[in-house]
Amino acid sequence: MASNSYHFITHWRVQGQRDEVTAIIGNAPDLVRWWPSVYLEVHELEPGEATGAGKVISLYTKGWLPYTLRWQFVVTDVHPGGFTLKASGDFVGRGIWTLTQAGPDVDVTYDWKVRADKPLLRDLSFIMKPIFSANHHWAMRLGERSLLLELARRHARTAIERELLPAPPGAPTPTAPTILDRPEGRPRIRE
């Protein structure tokens with residue numbers, strides 16, 4: 001495996017129904033609202049088919065490290081137990097979401113196999129791979145926490161009960177471009 005290649009398998013277990021959890025995770029533009037610690041901007045570029053296959057999404061993301069990522073994905077396969085996406089941009093690879101009903105819970109698995117092509121990640125992976133990996137694991141832990149809060153919000157019996165729930169965890173570092181966001185040493189102008 002090349003030093004800038006990564007393979008992560010994340011497991012979550014949440015109380016709920018598979019169809020509802022799949023709908024939450026599969027609604028990419030809504031990630032900014034319920035998973036703001038990672039998803040700064042998400043835009044649907046193409047809606048794809050009624051099943052979601054062919055949908056094209058543009059993302060601007062970050063973790064706890066002071067850099068941001070711009071990438072896209074296309075949904076290549078949709079089935080009752082999840083979906084597969086193909087990533088391009090700062091990440092190149094594929095992600096597979098698999099959701100299985102287990103009694104009152106849903107077992108969620110995300111299999112993320114990517115190559116980091118952003119110059120910073122590509123060039124420093126040989127030495128920084130454990131830190132970049134920790135950044136991914138942090139993002140996924142906050143994703144699970146945010147999903148649990150989103151499910152609680154959706155199942156709150158009253159508006160007061162919903163208002164008492166905490167907001168999802170936010171981004172821990174500034175979203176403004178930093179020197180680490182400068183490809184090949186050139187200043188990056190944020191649009």
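There are 12 aromatic pairs in this predicted model, where rings of Phe, Tyr and Trp (its six-membered ring) pair if their centres lie within 6.5 Å. Planes under 30 degrees apart count as stacked, over 60 as edge-to-face and the rest as tilted. Take Tyr-67 and Phe-132: their ring centres are 5.9 Å apart and the planes meet at 85°, so this pair is edge-to-face. It ties together distant parts of the chain, with Tyr-67 in the loop between strand 3 (56-62) and strand 4 (68-79) and Phe-132 in helix 3, 65 residues apart. Helices (H or I, at least four residues) and strands (E, at least two) here are DSSP runs, numbered from the N terminus. Tyr-67 is buried at 5% relative accessibility, and Phe-132 is buried at 8%. Buried means under 20% relative accessible area, exposed over 50%, and partly exposed in between (1.4 Å probe, protein chains only).

Next come Trp-71 and Phe-91, whose ring centres lie 5.6 Å apart with planes at 80°, so they are edge-to-face as well. This pair also links distant parts of the chain: Trp-71 belongs to strand 4 and Phe-91 to strand 6 (residues 91-102), 20 residues apart. Trp-71 is buried, with a relative accessible area of 8%, and Phe-91 is buried at 14%. Both belong to one aromatic cluster, whose members also include Trp-12, Trp-34, Tyr-39, Trp-97 and Trp-112.

The charged end of Arg-70 sits over the ring of Tyr-60, 3.9 Å from its centre, and Lys-129 lies over the face of Tyr-6, at 4.9 Å from the ring centre. To count, NZ of Lys or CZ of Arg has to be within 6 Å of the ring centre and within 35 degrees of the ring normal.

Now for the nonpolar core, a set of buried Ala, Val, Leu, Ile, Met, Phe, Trp, Tyr and Cys residues joined through side-chain atoms within 4.5 Å. The largest one has 43 residues, and those touching the most other members are Val-21, Ile-25, Trp-97, Trp-112 and Leu-147. Helix 3 gives this core its largest share, nine residues. Leaving aside residues up to four places away in sequence, Val-21 touches Val-14, Leu-99, Val-106, Val-108, Leu-147 and Leu-151, where contact means heavy atoms within 4.5 Å.

Charged side chains pair up too: the structure holds 10 salt bridges, each a side-chain nitrogen of Lys or Arg within 4 Å of a carboxyl oxygen of Asp or Glu. Asp-30 bridges to Arg-33, with the closest N and O atoms 2.8 Å apart; Asp-30 is buried at 17% relative accessible area, while Arg-33 is partly exposed at 41%. Asp-117 and Arg-115 form another bridge, also 2.8 Å between the closest N and O atoms, and here Asp-117 is partly exposed at 22% and Arg-115 is partly exposed at 35%.

Back in helix 3 (residues 119-155), Arg-153 and Glu-150 are three residues apart, about one helical turn. Their side chains meet in a salt bridge (3.6 Å, N to O), and both residues are buried. Salt bridges with shared partners join Asp-30, Arg-33, Glu-150, Arg-153 and Arg-154 into one network.

A word on the ground rules: residues are numbered from 1 along each chain as its sequence is written, and side-chain values use heavy atoms, with hydrogens and water left out. Local features need pLDDT of at least 70 and side-chain atom pairs count only at pLDDT 80 or more, whereas totals for chains, interfaces and linings use all residues.
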